[in-house]
Amino acid sequence: MKVNLAESAGFCFGVKRALRLAADTAARGGRVFMFGELVHNEHVLRDIERQGITRIRRLSRGRGPRTLLISAHGAPDSILQAARRLGYSIVDATCPMVKHIHRIAVDMEGQGRNVVVIGDRNHDEVRGIVGQLKNGAIVIDRPEQ
């Protein structure tokens, strides 16, 4: 058996950027929350939580300054709007390539096209894409579809 080792390994630039934003935000102090999982890696998530960032799945009312960190996968626009209404300041760690997909989807919808997303409808990235659109999207997540 021949084993080939990759010349490099690690996170893509979007995840590296999100992790840097998380560390910088935590270092500033204050109450910091991340909406869902910043990245899909339990070891990294534990490290982020050790820095003082709390993982949440729902937004809530609260007192005093709070920061919400948006994951590298992005989030529906409704989450950002709700967070602002509830008094969170936002640190958007969405990967720039994911943001580019958001812009494409919004542009296509604006041209009157139906947007089709192929992927797991429960994945944060798919939810984020669909959540940018006024009319939603067709999500295909099973081969028989």
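**Close-up views of a predicted model**

View 1. Arg 50 and Asp 47 form a salt bridge, with their closest N and O atoms 2.5 Å apart; the term means a side-chain nitrogen of Lys or Arg within 4 Å of a carboxyl oxygen of Asp or Glu. This is a predicted model, in which local features need pLDDT of at least 70 and side-chain atom pairs count only at pLDDT 80 or more, while totals for chains, interfaces and linings use all residues. Residues are numbered from 1 along each chain as its sequence is written, and side-chain values use heavy atoms, with hydrogens and water left out. Both residues lie in helix α2, 3 residues apart, about one turn of the helix. Helices (H or I, at least four residues) and strands (E, at least two) are DSSP runs, numbered from the N terminus. Arg 50 counts as exposed at 63% relative accessibility, whereas Asp 47 is partly exposed at 39%. Buried means under 20% relative accessible area, exposed over 50%, and partly exposed in between (1.4 Å probe, protein chains only).

**View 2. The salt bridge between Arg 55 and Glu 37.** The side chains of these two residues meet at 3.6 Å, N to O. Arg 55 lies in strand β2 (residues 53-56) and Glu 37 in the loop between β1 and α2, so the pair ties together parts that are 18 residues apart in sequence. Glu 37 is buried, with a relative accessible area of 14%; Arg 55 is partly exposed at 25%.

**View 3. The surroundings of His 73.** His 73 lies in the loop between β3 (66-70) and α3 (77-85). Its relative accessible area is 10%, so His 73 counts as buried. The side chain of His 73 makes a polar contact with the side chain of His 40 at 3.4 Å. A polar contact is a pair of N or O atoms within 3.5 Å; within protein, one must be able to donate a hydrogen and the other to accept it, and residues adjacent in sequence count only if both atoms are side-chain atoms.

**View 4. The largest nonpolar core.** This core has 16 residues, and those with the most contacts inside it are Met 34, Leu 38, Ile 48, Ile 53 and Leu 69. A nonpolar core is a set of buried Ala, Val, Leu, Ile, Met, Phe, Trp, Tyr and Cys residues joined through side-chain atoms within 4.5 Å. At least two core residues come from each of α1 (13-27), β1 (31-35) and α2 (42-50). Helix α1 gives the most, with 4 residues.
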